[in-house]
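Student: I would like to learn how to read pockets, helices and single residues in a protein model. Can we take them one by one?

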Amino acid sequence: MMKKIISLSLALLAASLMIALPSCGDDGDADETDTETDADTTYEYVSPTVLLEYELSEYITLPEYMGISVAAETVTVTEDDIEDAINELLAEYTEGTVDLTEDDELMLGDTININYHGYINGECDAFEDGEEFTFYTTEGGYDLTLGSGAFIDGFEDALVGYHVGDEAEIYVTFPDVYANNPDLAGVDTRFVVTINSGTRDVYPDYTDDFVAENTEYATIEEYEAYLWESLTEQAEEETLTNAKQAVWNAVVDGTTLIKLPDELLQSEINETVSMYTSYAEYYGMTLDSFLSTFYGITEDEFLSEVTEECEETVFQEMIIFAISKLEGIELTDEEYEAGLQSLAESYSYTSADDFESDYGEDIIAETLLFDKVADYLYENADITYE
């Protein structure tokens, strides 16, 4: 079963419509969506395009979205960004590794071997203050590349500057949403880390000859001019995305929910449960054991989270279709074909027909319609860039 897609040309519905688990809804056949999530009622799949038939003013009250005022972050390029890009290039041509000594300060990119103990630092519902909640003392230690993102945010950065042989004491906070162990979500912790050993990649010298041999440019000056231009274009795209995200968030935040269409909501929930049931069957597991093994949650907790997220999905879909109806925003055949081709390429499909077959016309059309609605809102917004 294919999950609902969001257009990469905007990349802003991902934050607002997609959930930590794969998104609600797809275009599967009705006989694949019989998973019953309500004791009394089971719904077949309903396409979100059915919202075009609703009198949506009975379900939501939109804000004054024309000229809505928002603040958006401006993304700029710095010398550090250029240096990072250069280091990424050099890392592609490493010339082996060297062992780190007690005199070497750890840097991002170093691979270290560690053992550790983790303790709760403060209030926590599931643990007591000071209680050890995890440890790794296995013989041989744990190999970790600093900056790889293998551990929670802040852990690897906090080890920068320490040395081989040190016992580092670092303080980090688990993310507010932590699927691996919800009991640790948002919890402050203290880790005591023993750094057993470490290695560092040896980079080639950054010279004109290196640049000429390994890039399309003849000199460092030419290559760095290209980096400035390329990264500036990316920064401008990110700034645009930030602005569109800010406008959309403001419209969503300003919209009042009256009620949700039960049939569409239950359809979304059923689709998600059916999708995860299929995942579980693929691994030869029940849904309960699959959720427990991979997400550390029960079926009831899973259904509660899915219901909440699907409620938000349907809510935002109603906003999309309500504005499109009010403003006469429609998707032409030409726009659909062009958008289909662009989405297929974005998702690395060699055939637009295959992409359409996998995701379905309704889902693709909804994604592209959102693009048009979001563009319309952005073009008519009052945006202050920070």
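**Reading the pockets first**

Tutor: The largest pocket in this predicted model holds about 450 Å³ of space. Its lining has 15 residues, and those closest to its centre are Asn 87, Leu 108, Gly 109, Asp 110 and Tyr 203.

Student: How is such a space found, and which elements give two or more residues to the lining of the largest pocket?

Tutor: The general idea is that a probe the size of a water molecule, rolled over the atoms, shows where empty space is left. Here, α2 (79–91) and β8 (188–201) each give two or more residues to the lining of the largest pocket. Helix α2 supplies the largest share, four residues. By type, the lining divides into five nonpolar, five polar and five charged residues.

Student: What is the volume of the second largest pocket, and which residues lie nearest its centre?

Tutor: The volume of the second largest pocket is about 320 Å³. It is lined by 17 residues, and Leu 52, Glu 330, Leu 331, Ala 365 and Leu 369 lie nearest its centre. The elements that give two or more residues to this lining are α8, α9 (333–346) and α11 (361–379), with the largest share, four residues, coming from α11. This lining divides into seven nonpolar, four polar and six charged residues.

Student: How should I read a helix?

Tutor: In general, an α-helix has 3.6 residues a turn, so residues three or four places apart point the same way. In this model, helix α8 covers residues 299–327, which is 29 residues. From its first C-alpha to its last it reaches 42 Å, close to the 42 Å expected at 1.5 Å a residue. Just after α8 comes Gly 328, with a positive phi of about 65 degrees.

Student: What is Thr 145 in contact with, leaving aside its neighbours within four places in sequence?

Tutor: Thr 145 is then in contact with Gly 109, Asp 110, Thr 111 and Glu 156. Gly 109 is 36 residues away along the chain, yet the two C-alpha atoms are separated by 6.0 Å.

Technical notes
Residues numbered from 1 in each chain as written. Predicted model: local features only at pLDDT ≥ 70, side-chain atom pairs only at ≥ 80, totals over all residues. Heavy atoms only, no water. Contact = heavy atoms within 4.5 Å. Expected span 1.5 Å × (residues − 1). 1 Å grid on protein atoms, 1.4 Å probe; cavity = no way out; pocket = protein on both sides within 12 Å on 5 of 7 lines; lining within 4 Å. Points joined across faces, edges and corners; volume = space filled by probe spheres on them. Nonpolar A, V, L, I, M, F, W, Y, C, P; charged D, E, K, R; others polar.
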